[in-house]
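Me: Hi! I have a few minutes, so please walk me through this one. Let's bring it up first.

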Amino acid sequence: MRVLTAACAILTLFAVVPVVSAATPADSNAKAAADAMVTRFADSWNHADGAAYGENYWPEAELVNPSGDVLNGKAAIVQEHVDLWAGVLKGTHATGAVRKIQVLGANYMIVDFDLQVSGARQFPPGSSPDANGVLRGHLKHVMEKRNGLWKVLSAQNTFIAAK
């Protein structure tokens, strides 16, 4: 009888307690930081602004570009993009959207986002634009929070083959 009473009490409790979203404030903050990074990424790309682009990265960041080259440090990452914007990707337009976030604790997360680059007159080595000339990629960024700021510590960019 005590078991039945306890079971009824527990069921009653679940019936009157509202269901709480699984998202925590930390998850909400991570999502906001990830969305802000992708917005800065696209905005700085669209203005070919190397300084603004670099604000996404910690000084010791590493980037593996779609061609497989490893770029060590924020300065090298920025310079590659400045060179691309002055060359094969001059005048291009980028858009991006967060696809997935994995929070790895209070100070780390992995942000996967999809990127589309349009308007290229030439295409980078290894790229495969779609029938409309749009380059698509998946980007995986490991972000670290320091002193309240989220920035990219490590990144891997992959072109999506056109179908």
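Reply: A quick word on the labels: helices (H or I, at least four residues) and strands (E, at least two) are DSSP runs, numbered from the N terminus. This is a predicted model, where local features need pLDDT of at least 70, side-chain atom pairs count only at pLDDT 80 or more, and totals for chains, interfaces and linings use all residues. Residues are numbered from 1 along each chain as its sequence is written, and side-chain values use heavy atoms, with hydrogens and water left out.

Me: Great. Which elements each supply at least two residues to the lining of the largest pocket?

Reply: Those are α2, α4, β4, β5 and β6 (149-159). A pocket here is an open set of points on a 1 Å grid over the protein atoms alone where a 1.4 Å probe fits, with protein on both sides within 12 Å along at least five of seven lines; lining residues have an atom within 4 Å of a point.

Me: And which one gives the most?

Reply: β5 does, with 5 residues. In total, 25 residues line the largest pocket, and Pro66, Leu84, Leu89, Pro124 and Phe159 lie nearest its centre.

Me: Switching topic, how many salt bridges does the structure hold?

Reply: There are 8, counting a side-chain nitrogen of Lys or Arg within 4 Å of a carboxyl oxygen of Asp or Glu. One of them joins Lys140 and Asp112, at 2.7 Å from N to O. Lys140 sits in strand β5 (residues 135-146) and Asp112 in strand β4 (residues 108-118), so this pair ties together parts that are 28 residues apart in sequence.

Me: Is Asp112 buried or exposed?

Reply: Asp112 is buried, at 4% relative accessibility, while Lys140 is partly exposed at 39%. Buried means under 20% relative accessible area, exposed over 50% and partly exposed in between (1.4 Å probe, protein chains only).

Me: What about Glu55, what does its side chain meet in a salt bridge?

Reply: Lys74, at 3.8 Å from N to O. Glu55 is in the loop between α3 (50-54) and β1 (57-64), and Lys74 is in helix α4 (residues 74-86), so the two tie together parts 19 residues apart in sequence. Glu55 is partly exposed at 41%, and so is Lys74 at 23%.
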